[in-house]
Amino acid sequence: MKSKAFRRRLLLFFLIVIVAMVPFLNQEKPLFIQASDERTETRYDEDMSLTEKMEVILANERLDGAVTGITVRHAATGEILFAENGDIRLHPASNMKLLTAAAALETLGADYQFRTEVLTDGRRTGAVLKGNLYLKGKGDPTLLKADLDQFAKDLKAQGIRNIKGNLVGDDSWYDDVRLSQDLNWSDEPFYTGAQVSALTLSPNEDYDAGTVIVEVTPAKKAKGKASVNVSPKNDYVKIVNRTKMVSAGEPKQIKIEREHGSNRIIVEGNMPVDGTLSRSWAAVWEPTGYALEVFRSALNEQGIKFIGKSKEKFEAAPKNAQVLAAKDSMPLSELLIPFMKLSNNGHGEVLTKEMGKVVHGEGSWDKGLEVMEDVAAELGVNQDTILLRDGSGMSHKNLIPSNDLTELLFMARDKSWFPAFYDSLPVAGISERLVGGTLRNRMTTEPAKGNVTAKTGSITGVSTLSGYVTSMDGEELIFSILINNYLGSSGNMQAIENEIATMLAEHELQE
């Protein structure tokens, strides 16, 4: 009898263990997938009000301990239809770019272009240019190596073969403060924290100014080091290759990071023979010198040589310097596409300084933020309840309530530049990169797909989504979701944002 009782207790014990383990059986799946799946399980009664539906979503235990500010407005009237902590100041992360883009369009105009110039203070004698050659940047974050190549070709077409003078980089259009005041030191080696200069260079058409692309590919044998290449090719950064080739089938573990305060980029880890390409964007230290180095290479490629005791210098070009070649960037309306769709931090900071330069004659964060505050006030934002610290949203000190953010989105609709602003926002579920942007892999089914048009935001402990959506009965809505102080996976927060936006797309306002 004792044996049977023991077996029953043992069986009961195992059943309890199995039941307890059920929630953990799928832990190898990414948490954001679980959260996304759970969103589809939420059911609403047809007669539930918007407030009741929102309360169901906000009861999610993953929001416990976090601060969530949500506002939903009617786009036609501006009436607030729902608000939860709508007047609480919260960190917007990259939703800050909504203010930056709106202020730039209002201040600079949709047709605004950045100019880059090649100048000289000398004169040409035959094939020799006797004087300094200046490369002057005026903030263009879209300047590419191909543009510097064209400058070199233009000089060659003018008959210049030799330059008896210095090669000078002029970045005086902005101040010499390279990093925004709250940027974490641990962020600055990466493209998300690249330094800002009026003279800078982007490695490709994502236009991450002040960065290079580092690519690591496997060698043919499981010995020695992997192959490392930098684009654009230059000697301004130094690659320290500490990689090791390993046998096929072994795990790939590649790390690419620039040392703080230098241009030494450390590449380390194991690369299997059958491994795939590893690619990373690394921010350069002092981008002015980077642009000048690549320009010198472009001149060399065209057979243009510096003669005599030539040096590379950094100073402003004389006011009477002659322009030899120039390039205007794409208009602001086009620049907003990579800025907003891909959430390009560098563009946000460049636009901030450019607004300061144009309005106050000083290309600094302080003056640019003054302009942004003034424009935000014109668009219905209460200046007394916001704190602006940068143009990208990387700062953990930016503060704005969701009520004010939706008010800005509401007031923007009456501006002549609104079509450019709206078109720059990511569109949910659209796979084309420069349409869907940071929402291309979110809300991939109707009615949210192709409908939710909004800016994403994410920094440590912060996840945000603000923009526009049309309800099931054709009513355009404006919403802002600011989730702060959460712990755990950002995917969990994005799933909640997705659920709210999808609910708004499915909701019928008219009873």
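How many salt bridges does the structure hold? The structure holds 24 of them, where a salt bridge is a side-chain nitrogen of Lys or Arg within 4 Å of a carboxyl oxygen of Asp or Glu.

Hi everyone! Before we go on, a word on what we are looking at. This is a predicted model, in which local features need pLDDT of at least 70 and side-chain atom pairs count only at pLDDT 80 or more, while totals for chains, interfaces and linings use all residues. Residues are numbered from 1 along each chain as its sequence is written, and side-chain values use heavy atoms, with hydrogens and water left out.

Let's start with a network of salt bridges that links Arg 115, Glu 117, Lys 138 and Asp 328. Within it, Glu 117 and Arg 115 meet through their side chains at 3.3 Å, N to O. Are these two buried or exposed? Glu 117 is buried, with a relative accessible area of 10%, and Arg 115 is partly exposed, at 32%. Here buried means under 20% relative accessible area, exposed means over 50%, and partly exposed is in between, using a 1.4 Å probe and protein chains only.

Glu 117 has another salt bridge, with Lys 138, at 3.7 Å, N to O. This pair links distant parts of the chain: Lys 138 is in the loop between β6 (133-137) and α5 (145-157), while Glu 117 is in strand β3 (residues 115-120), 21 residues apart. Both Lys 138 and Glu 117 are buried. A note on those labels: helices (H or I, at least four residues) and strands (E, at least two) are DSSP runs, numbered from the N terminus.

Now find Arg 178. Which residue does Arg 178 form a salt bridge with? The partner is Glu 286, with the closest N and O atoms 3.1 Å apart. Arg 178 sits in the loop between β8 (167-170) and β9 (211-217), and Glu 286 in the loop between β14 (278-283) and α6 (287-301), so the pair links parts of the chain 108 residues apart. Arg 178 is buried, with a relative accessible area of 10%, whereas Glu 286 is partly exposed, at 30%.

On to the strands. Strands of a sheet pair through backbone hydrogen bonds, either parallel or antiparallel. In this talk, two strands pair if DSSP finds at least two bridges between them. Three bridges join β4 to strand β5 (residues 128-130) in the antiparallel sense, and Arg 123 has Lys 130 as its bridge partner in β5.

Strand β9 is worth a look too. Five of its seven residues are buried, so β9 is largely enclosed by the rest of the structure. It runs antiparallel to β14, with six bridges, and Val 212 stands opposite Ala 282 there. Five bridges join β9 to strand β10 (residues 227-231), also antiparallel, with Val 216 opposite Val 228.

Finally, the inside. A nonpolar core is a set of buried Ala, Val, Leu, Ile, Met, Phe, Trp, Tyr and Cys residues joined through side-chain atoms within 4.5 Å. The largest one has 47 residues, and those with the most contacts inside it are Leu 99, Leu 332, Met 372 and Phe 421. Helix α4 (96-107) is among the elements that each supply at least two residues, and α4 gives the largest share, eight residues.
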